[in-house]
Amino acid sequence: MATVDERASAKRWLPLEANPDVMNQFLWGLGLPEAEAECCDVYGLDEELLEMVPKPVLAVLFLYPITSKTEEERLLQDNEKKEHSAAVYFMKQTVGNACGTIGLLHAVGNITSEIKLLEGSFLDRFYKSTASMDPLQRAAFLENDREMEVAHSVAAISGDTEASDNVDTHFICFTCVDGQLYELDGRKSGPIFHGASSPSALLRDAAKVIQGMIQKNPDSNNFNVIAISKKSGTGY
């Protein structure tokens with residue numbers, strides 16, 4: 001969560017805890033109706049535990065430790081040519097420790113066709129205001145948005161652990177757009193394409209990518225996976 005990009009500002013927020021209850025209150029307060037979707041823990045990546053996650057899954061958040069290996073891979077990916085659907089909502093990160101909020105913004109921003117945001121709410125206004133912006137413009141818009149900064153701060157101090165800005169973990173988001181699985185990381189130059197997927201296969205496909213990331217960092221155990229699931233009775 002302690003992350004900034006190459007054009008980072010001096011602004012730093014307190015990190016958001018990897019806690020579905022905290023994230024739910026945060027999103028519901030910003031305009032995601034409680035009856036539409038909720039964040040849920042993913043307790044493991046094997047098939048049996050994935051089946052326990054409420055369906056359908058709309059997006060997946062992954063918290064992982066920043067290590068020399070993850071940084072090396074990030075730099076390699078940034079040097080590769082990236083092609084992605086124009087429908088993917090992506091933004092850069094310029095505020096330290098804002099990756100939890102940006103992960104949630106990536107998640108909700110790519111499922112607005114599947115959920116109904118409260119009209120006139122923060123999220124509704126945010127996506128309408130940034131729809132035509134490029135990733136860095138969206139980052140600057142967020143950086144200067146006092147309402148979001150306050151909401152993030154309230155959420156950050158409502159977790160079970162004492163808030164500290166000295167952390168070495170980072171949130172990213174996995175989403176399915178136009179039949180493709182994308183990794184959305186505000187520290188990277190653009191979306192990372194991970195192959196064909198579908199809404200019904202999103203959780204399993206994201207889990208495979210996450211397993212690969214975990215295997216590359218065998219000495220770390222500070223990982224957490226959270227799904228954003230559509231509430232029952234509000235299916236596609």
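Trainee: How many helices and strands does the protein have?

Mentor: The protein has 8 helices and 6 strands. Here helices (H or I, at least four residues) and strands (E, at least two) are DSSP runs, numbered from the N terminus. Along the sequence they follow the pattern α-β-α-β-α-α-α-α-α-β-β-β-α-β. This is a predicted model, in which local features need pLDDT of at least 70 and side-chain atom pairs count only at pLDDT 80 or more, while totals for chains, interfaces and linings use all residues. Residues are numbered from 1 along each chain as its sequence is written, and side-chain values use heavy atoms, with hydrogens and water left out.

Trainee: What share of the residues in the protein is buried?

Mentor: First the classes: buried means under 20% relative accessible area, exposed over 50%, and partly exposed in between (1.4 Å probe, protein chains only). Buried residues make up 54% of the 236 residues in the protein. Among contacts between residues at least 6 apart in sequence, 77% join residues at least 24 apart.

Trainee: Why is helix α4 described as largely enclosed by the rest of the structure?

Mentor: In helix α4 (residues 99-109), 11 of the 11 residues are buried, so the helix is largely enclosed by the rest of the structure. Among them are C99, I102, L105, H106 and V108.

Trainee: At what angle do helices α5 and α6 pack?

Mentor: For such an angle, axes are lines fitted to C-alpha atoms, for helices over the stretch in contact, and angles run from 0 to 180 degrees between N-to-C directions. Helix α5 (residues 122-130) and helix α6 (residues 135-143) pack at about 145 degrees, with their axes 10 Å apart.

Trainee: Is the crossing of α5 and α6 left-handed or right-handed?

Mentor: A crossing is left-handed if the near helix is turned anticlockwise from the far one by less than a right angle, and right-handed if clockwise. The crossing of α5 and α6 is right-handed.

Trainee: Which residues of α5 and α6 meet?

Mentor: F126, S129 and T130 in α5 meet R138, F141 and L142 in α6. The residues of this contact divide into 3 nonpolar, 2 polar and 1 charged. In that count Ala, Val, Leu, Ile, Met, Phe, Trp, Tyr, Cys and Pro are nonpolar, Asp, Glu, Lys and Arg are charged, and the others, Gly among them, are polar.

Trainee: How many salt bridges does the structure hold?

Mentor: A salt bridge is a side-chain nitrogen of Lys or Arg within 4 Å of a carboxyl oxygen of Asp or Glu. The structure holds 6 salt bridges. One of them joins the side chains of E149 and K11 (3.3 Å, N to O). E149 lies in helix α7 (residues 146-156) and K11 in the segment before α1 (20-30), so this pair ties together parts that are 138 residues apart in sequence. E149 is buried at 18% relative accessibility, and K11 is partly exposed at 26%. K11, R146 and E149 are linked in a network of salt bridges.

Trainee: Where do K128 and D124 lie?

Mentor: An α-helix has 3.6 residues a turn, so residues three or four places apart point the same way. K128 and D124 both lie in helix α5, 4 residues apart, about one turn of the helix. They form a salt bridge, with the closest N and O atoms 3.2 Å apart. K128 is exposed, with a relative accessible area of 56%, whereas D124 is buried at 11%.

Trainee: Are K188 and E183 buried or exposed?

Mentor: Both K188 and E183 are buried. Their side chains meet in a salt bridge at 2.7 Å, N to O.

Trainee: Where are N97 and D178 found?

Mentor: N97 is in the loop between α3 (68-78) and α4. N97 is not a glycine, yet has a positive phi of about 70 degrees, and counts as buried at 0% relative accessibility. D178 is in the loop between β3 (169-177) and β4 (180-184). D178 has a positive phi near 50 degrees and is exposed, with a relative accessible area of 56%.

Key: Contact = heavy atoms within 4.5 Å.
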